[in-house]
Amino acid sequence: MLDSRVCTGLPVTRKSLDPAEPGDVVGSQHWGRRTGNLTFEGRRGLKRFGNPWANPSCLIRSVGLGRDCSKQETVKPHVEPSSGRAPFQFVWAEPDHGFESEVLLRPATSSAMWFLLLHLGLTATLTRAELLLSLNGPYWTVAGSNGTVSVPATVPGGIYTDLRTAGVLDGDPFYRFNDVLYRWVARDNWTYARTFAINADTFLTKRQVTLVFHGLDTVAEVFVNNVSVGVTNNMFTRYAFPVKRLLRAGDNNSVEVRFLSPITAAEQAYRVQSAAGHTVPPRCVPVEYNGECHVNHLRKMQASFGWDWGPAFPSVGIWKSVEIIAYDAVVVRDVTIRYDWGNSTLTLGVHLELGNGSSGAIRGKLEAVLGSNPQVGVSRQVIVESGKEGEYLGVLVLPVPANIELWWPIGLGEQYLYNLTIRFVGADVDERSVKKIRYGFRKVSLIQDKLTPKGLTFYLKVNGVAMFAKGSNWIPAHILPELSVDERTYKNLLTAARDANMNMLRVWGGGVYEDDSFYQLCDELGLIIWQDAMFACSMYPASEGFLASVEREVRQQVRRLQHHASVVVWAGNNENEAALRQNWYETAANFSLYRRDYVSLYVDTVRAAFTKEDPSGMFVTSSPSNGDGTEKEGFVASNPQSPFYGDTHYYNYLADGWNANVYSMSRFASEYGFQSLPSFSTLHSVMNTKWDLGTTSNWSIHRQHHLGGYMEMKMQISRHMHYPEDDSTSSGFQRLCYLSQVNQAMATKVETEHYRRSRGVLDSLGQGMTMGALYWQLNDVWQAPSWSSLEFGGRWKLLHYFAARFFAPLSVSAYLTPDDRVEVHIVSDRLETFEVTLVVHVYNWGELGIPKDEVMLNVSIDALSSQQVLSLNLDELLTKCSNEVNARHHCFLHFYLLHGSQDAGPDNFIFLAPLKDSALRHASVRVVERHGPFRRKGGVGSYYSLEVATDAIAPFVWLEDVDPPRSLLR
Ligand code: BMA
């Protein structure tokens with residue numbers, strides 16, 4: 001029963017980033033592959049005790065058929081002298097048994113090694129792990145309800161991807177109107193099925209055999225060997241079904257997942273909910289979304305029914321891994337961690353699974369080892385008894401060495417991460433379960449202290465440092481959840497965030513809780529995460545069943561994510577407090593009813609589950625909210641957007657976005673932004689340039705989900721620049737793409753600079769002390785007008801280049817007051833006082849390279865501060881620049897900072913009149929030299945170095961890669 005598609009095999013790579021340890025499963029392969037090539041790395045630093053890795057061996061263990069195919073090979077390390085790292089390569093040939101194998105790593109026996117382990121009171125165990133039979137891979141079929149469509153399927157995956165691969169959907173789902181044309185897919189019910197073999201001698205002798213789905217999207221019934229084992233209705237929870245009694249020895253076992261159309265499921269849930277006269281609005285997404293209704297009744301990615309930046313692709317499928325696990329002892333599922341600075345201890349909450357219907361207690365040893373130098377460990381005998389849902393919580397307290405290095409957000413220090421291994425070793429059974437994580441020591445608090453004359457502060461203190469949060473809002477990396485968890489895409493987008501000097505991202509509540517690898521990357525990159533629970537822009541049911549499902553979801557997600565150094569703040573929802581208070585969905589007539597539901601869901605359920613799992617964690621019930629202020633007002637504040645408390649979402653598309661004086665104050669601006677079109681190179685692959693150009697074409701209207709979006713864009717652009725005479729010509733449309741990005745970049749720059757400056761402001765009303773600026777939105781899910789700074793496929797919009805500058809650690813910015821004063825500020829995120837020379841140059845638009853006047857000032861900039869350093873009278877400043885009456889149309893101001901003779905940060909500028917009225921000269925801009933490509937260190941792709949020349953002052957020049965790697969355009 002070999003499948004020819006997998007015979008050639010993919011290279012096996014080790015997923016975890018940790019060095020391998022004795023007893024580790026360092027690789028595994030699916031049935032059908034007979035050779036493997038595995039590279040892994042051994043632990044270093046144990047030299048003192050002899051190197052147990054001098055001669056390690058690998059043991060191939062086959063699971064699935066019970067035949068003992070084990071064999072042992074010695075693997076030769078190749079030690080890199082410079083790093084001391086010891087990568088091993090192991091090539092094996094597999095007996096032709098056609099099932100799953102795993103490769104275990106064995107150290108050469110070394111008495112010193114045993115001494116070390118005994119010294120730590122640990123068991124170096126070579127006992128077997130729980131058995132795991134992965135049901136992932138291309139071995140599935142999926143069929144529609146009337147049997148006319150039946151195609152091969154892959155798990156993890158989803159129906160749109162499978163139908164596309166099979167050629168049933170013959171076009172790019174994002175091409176023109178395909179999102180709507182392909183909607184029939186989501187209206188059908190789909191059944192995923194496969195067969196698999198079970199080894200009776202290994203699997204079926206185990207005490208517990210469980211079928212585990214890490215993510216089912218969404219409403220489904222699961223059958224094993226034609227017997228129903230359960231139903232699912234929450235895409236964000238893991239489902240585990242006991243299946244031992246249903247499995248048979250041999251290869252004729254089947255699993256089937258029958259999905260109900262999400263559109264039907266949402267409609268049904270809505271009807272049930274409304275039957276008792278209690279409707280939960282909104283009834284549908286706005287008509288501009290071309291979306292579907294009632295997604296708020298499903299625990300599913302809310303944006304998959306349409307959003308103001310995304311298409312509706314109501315997804316269906318097994319979007320995460322599936323496996324059968326079999327064990328006699330327990331499975332270490334998660335670990336939650338509390339770091340007690342005072343006592344220098346880590347308290348580990350080890351979440352063990354015993355499985356349902358477990359009889360009696362399981363005895364064993366719980367161990368934890370921290371890969372610090374020196375390595376520390378703790379070990380404790382436990383008697384595990386089954387609690388709710390077959391779970392048990394074991395607690396370990398681990399002493400932390402004094403020399404531990406802290407984890408810092410990027411920009412404030414290094415991102416030290418330590419290996420932490422947690423094991424359960426059975427006492428009565430020869431079995432162990434291991435969990436490995438990377439842990440960063442940091443102390444974080446959300447400071448909400450009283451401010452005079454009014455309100456509370458709202459900022460993060462990390463390792464004692466008040467951190468200004470700079471960043472953006474993260475939406476899923478793809479509208480199809482199965483494609484959103486791609487590690488390469490994560491790396492591309494998150495590295496771009498880091499490269500733009502961001503230190504924080506908010507994972508927005510209308511998407512998904514991201515994959516472990518996302519948070520792992522954020523840990524490594526030093527990006528702080530604000531994690532919303534997955535509720536957005538809606539009222540939600542508060543029925544018993546709904547709340548129970550949410551409680552389970554939050555419990556599982558908090559346990560999974562809590563240990564990440566990057567995950568710092570949680571919020572109950574996106575904008576639902578504001579929606580309720582401001583009557584977005586006509587709930588005012590029944591305010592107290594909806595408020596009661598609101599409190600039941602976000603306070604009594606989400607917050608309660610969160611606090612239970614992470615008592616010292618930080619949680620706000622909504623974003624935006626007034627934080628503690630919201631709590632004081634019974635969780636629905638009279639103004640959840642108050643400038644005196646918490647966080648705000650502020651959008652004003654009508655005022656002049658380039659004028660700093662139009663922006664309001666905020667303690668923490670967690671959303672604000674402006675739309676733009678992506679580059680023409682990104683758009684043209686999904687349009688027909690014969691019909692679709694121009695903002696009034698059917699295609700452009702179809703693509704624009706934000707009511708009035710083009711009108712606002714036109715208004716904003718026209719204030720400062722010449723809107724194309726006809727945006728339906730090819731050049732006019734391309735010009736619009738460019739101008740919309742210029743406008744977006746400028747407006748977001750001006751607004752962000754306003755928030756960064758406001759760190760140092762506390763006005764007479766009590767407004768100011770802003771400590772966060774996260775613009776909306778970082779990334780995109782398709783090629784359309786949106787607020788993103790990164791296009792679908794990863795290309796940078798102008799805004800992203802601007803962000804790298806306006807988020808720089810040391811930044812000079814200026815603005816013109818209504819009474820014509822130029823106020824110049826310097827903002828510093830540095831940890832020490834810094835001496836700089838501020839240079840202000842006055843330029844005439846007509847004269848390239850020669851400032852007409854100059855002001856210089858030496859200043860000492862306090863650590864972590866925003867300081868106003870200059871206030872200049874504009875008319876006086878322009879006297880040498882131009883003697884025209886309208887001098888400000890001929891001149892602009894340029895600012896930069898020097899430290900000694902070196903640049904101390906990015907330069908900056910302000911315009912003094914709308915550009916369309918200014919005396920710009922026509923510039924001829926050319927690339928004169930090109931070097932590269934060079935490999936990007938620690939990032940994705942390569943880069944070039946180009947020399948660009950101009951013969952006149954040319955604002956807003958950026959380079960666009962018109963042919964990005966296809967791999968990034970999935
Ligand atoms: C905010 C977000 C999103 C939305 C964005 C732009 O309110 O929370 O729901 O996409 O505005 O309108």
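**Briefing on a predicted protein–ligand model**

Phenylalanine 223 faces serine 228, a residue of strand β15. The structure is a predicted model, and its protein chain contains 19 helices and 48 strands.

**The chain as a whole**

- Of the 970 residues in the protein chain, 61% are buried.
- The chain exposes about 37300 Å², and 51% of this area comes from carbon and sulfur atoms.
- When contacts between residues at least 6 apart in sequence are considered, 71% of them join residues at least 24 apart.

**Strand β14 and its partners**

- Strand β14 spans residues 220-224 and is mostly covered, with 4 of its 5 residues buried.
- Strand β15, residues 227-232, runs antiparallel to β14 and is joined to it by 5 bridges.
- These two strands, β14 and β15, form a hairpin with 2 residues between them. Asparagine 225, in the turn, has a positive phi of about 45 degrees.
- Strand β17, residues 250-259, is also antiparallel to β14, and 5 bridges join the pair.
- Valine 224 has valine 255 of β17 as its bridge partner.

**The ligand site**

- The residues around the ligand are Trp307, Asp308, Trp309, Trp508, Cys537, Asn574, Glu575, Tyr651, Glu671, Trp776 and Trp787.
- By class, this shell divides into 7 nonpolar, 1 polar and 3 charged residues.
- In the side chain of glutamate 575, an N or O atom is 2.3 Å from an oxygen atom of the ligand.
- For tryptophan 307, the distance from a side-chain N or O atom to a ligand oxygen atom is 3.0 Å.
- Tyrosine 651 places a polar side-chain atom 3.3 Å from an oxygen atom of the ligand.
- The ligand taken alone exposes 310 Å², of which the protein buries 91%.

**Asparagine 234**

- Asparagine 234 is located in the loop between β15 and β16, the latter covering residues 239-242.
- This residue, asparagine 234, counts as buried because its relative accessibility is 0%, where the cut-off for buried is under 20%.
- Its side chain reaches the backbone nitrogen of phenylalanine 236 at 2.8 Å.
- The side chain of asparagine 234 also makes a polar contact of 2.9 Å with the side chain of serine 549.
- Leaving aside residues up to four places away in sequence, asparagine 234 touches Leu216, Thr218, Tyr239, Arg299, Ser549 and Glu553.

**Backbone features in loops**

- Most residues other than glycine have a negative phi, and most peptide bonds are trans.
- The peptide bond from asparagine 373 to proline 374 is cis, with omega near 5 degrees. Proline 374 lies in the loop between β23 (362-370) and β24 (376-384).
- Threonine 452 and proline 453 are likewise joined by a cis peptide bond, with omega about 10 degrees. The loop between β28 (444-447) and β29 (459-462) holds proline 453.
- Glutamate 586 has a positive phi, near 55 degrees, and is found in the loop between α11 (576-581) and α12 (591-613). Glutamate 586 counts as exposed because its relative accessibility is 70%, where exposed means over 50%.
- Aspartate 820 has a positive phi near 60 degrees and sits in the loop between β39 (810-816) and β40 (821-828). With a relative accessible area of 25%, aspartate 820 is partly exposed.

Definitions and conventions
Residues are numbered from 1 along each chain as its sequence is written. This is a predicted model: local features need pLDDT of at least 70, side-chain atom pairs count only at pLDDT 80 or more; totals for chains, interfaces and linings use all residues. Side-chain values use heavy atoms; hydrogens and water are left out. A residue is near a molecule or strand if one of its heavy atoms lies within 4 Å of it. A polar contact is a pair of N or O atoms within 3.5 Å; within protein, one must be able to donate a hydrogen and the other to accept it, and residues adjacent in sequence count only if both atoms are side-chain atoms. Accessible areas come from the Shrake-Rupley method with a 1.4 Å probe; for residues, only the protein chains shown count as cover. Ala, Val, Leu, Ile, Met, Phe, Trp, Tyr, Cys and Pro count as nonpolar, Asp, Glu, Lys and Arg as charged, and the others, Gly among them, as polar. Buried means under 20% relative accessible area, exposed over 50%, partly exposed in between (1.4 Å probe, protein chains only). Contact means heavy atoms within 4.5 Å. Two strands pair if DSSP finds at least two bridges between them.
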